[in-house]
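Colleague: I would like to learn how to read a sheet in a model. Please take me through one.

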Amino acid sequence: MNFEDTSLPGLGVRREITLASGRRVGVVILRDGTMQLIISQREDPDACAASIPLSIDEAGAIGAMLGAPQLVTQLTDQHRDLPGVNTQQFVLSHESPYVNQTLGDTHLRTRTGASVVAISRSGRVFPSPVPGFELNAGDVLVIVGTSAGLDHAARLINDG
Amino acid sequence: MEGTSLILVELGAVFLGLGLLGRMAAKFGMSPVPLYLIGGLLFGNGGLINLGGISEFGEIASEIGVILLLLMLGLEYTAKELVTGLKSSWLAGVVDFLLNFTPGAGLALLMGWGFTGALVMGGVTYVSSSGIIAKVLSDLGRLGNRETPVVLSILVLEDLAMAVYLPALTATLAGLSFLGGLRTVGIALGTITLVLLAALRFGPQISRLIHSADQENFLLKLIGAALLVAGLASALQVSAAVGAFLLGIAISGSTANSAAKVLEPLRDLFAAMFFVVFGLNTDPTSIPAVLPMAIGLAVFTSFTKVLTGAWAAKRAGIGVPGRLRAGVALIARGEFSIVIAGLAVASGAVTGELAALATAYVLLLAVLGPVAARFVEPLSKPFMRQRTPAVPNTP
């Protein structure tokens, strides 16, 4: 998929993709680094139905949300031959006791048998995170394990 | 009270008043420029209260205001954007110039203000306000719209045209002969080409020379360089403001970003002073007499701007509602029309009537331009369903 960049002289740049439905979705990146999420109108494709200012954190969170399912699909495809093994993603909420703690502090593998194979943050993917990896609120943890292990992991991440 | 204490009290009152006016403007999402002008009118010659004490400070402060306005404008653009803009939309720039310079110039000739008056009024009606328009587009959430780059590239070309127009104007106002004027414009054109080439080639080096991690240091270097370049340009009769504009273009990348941040408060202060001083020098009692003419000119040049924008947007393959939005967005005139009129008034080469007309004209369009931009959207709704050839292409 190709990004289409259009210069906005004096202001910044518009970067967008055209969806199969014909609508434009993208961002306006301003000179000062702030961003706006834009979605074109259905009736008037030249205009925008929404243009929403995003902070850098918010933009990152949206990127992670959109990127993580793809990662999960890929991993699921890879171990399709191993029955009983599932991949699932969990968002580390602000309330989680593990915010600002390391991955090792969760003792996830010891306690549930499931393991974190990747962490997606601000649109970036960190594969095979080490136990010293510090967790932030909004991180998406991609976890591989049995169904029971994954249920257990979900509780653990939320409630400690 | 007299001497310094009077000046301080007067200045304090003016800035405080402007601050309060500015807050009101912000409340209505309006540009503060018209309010600054009104503020100046109230306190100037023939106004409610006469502020005589600040004229000396006001004069130099408003000169610096113009330099900072143009420097900041130059900082907004990169040399690459200007060159690409020139290549891709020069035709729209020519159409824009022909459609919008002619009405002002024609009216001035009709009024018997001569060639100089025509050059000034043509400039006043030609330049849209890039400051007001950029803010309106961003406030209305139109930055992602397809017609927005069209609008912005017309603004780029107008600003670039200023780099040639202002030296020509300065030369004419100074009463230089035709050959002398040609020489100044030649120097300006040569310098612009050189600066663009240098900025494309050595942009990072120039930026590094000016850049400094220490804010105080950085500010002094910037202001120093700007005033020095402006002064030299002025000595060559190339207009101080253009020198500053070119310096702004030469500074690029992150240095330009941080320079804009450092300079913004200073620009706001001195530019406000510039608008007030312009208002101070205009006699408010001369405005009612020119008001009908100003309204007529405003209506006519709004129409020509809509035509310009709609034509350019049509060429970019944009639908009827987008063409209307692009055209109407361009209506607002503002800071540069006043810069042009201000240069003319300061030189004493034009009549007071022209200054009054320019003031009334800018007051009208700086206020009505953004309002029109807001209301064109509901008005263009009927065009959305049926985007067929049955809908006339011209607005």
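Predicted model: local features only at pLDDT ≥ 70, side-chain atom pairs only at ≥ 80, totals over all residues.

Colleague: Which strands form the open sheet in chain A, and in what order?

Modeller: Strands of a sheet pair through backbone hydrogen bonds, either parallel or antiparallel. Here four strands make an open sheet in the order S6-S9-S7-S8 of chain A, with antiparallel pairing. Strands are DSSP runs of E, at least two residues, and helices are runs of H or I, at least four, numbered from the N terminus; two strands pair if DSSP finds at least two bridges between them. S6 (86-91) and S8 of chain A are the edge strands, each pairing on one side only. Residues are numbered from 1 along each chain as its sequence is written, while chains are lettered from A and ligands numbered from 1 in the order written.

Colleague: How many bridges join S7(A) to S8(A)?

Modeller: Four, and the two strands run antiparallel; Ser120(A) stands opposite Val125(A) in S8(A). With S9 (residues 140-145) of chain A, S7(A) has five bridges, also antiparallel, and Val116(A) faces Ile143(A) there.

Colleague: Why is S7(A) described as largely enclosed?

Modeller: Five of its seven residues (115-121) are buried, so the rest of the structure largely encloses S7(A). Buried means 20 or more other C-beta atoms within 10 Å of the residue's own, placed from the backbone.

Colleague: How confident is the predictor in chain A?

Modeller: The mean pLDDT of chain A is 85, and 99% of its residues reach 70 or more.

Terms used:
pLDDT = per-residue confidence, 0-100. Buried ≥ 20, exposed ≤ 12 C-beta atoms within 10 Å, placed from the backbone.
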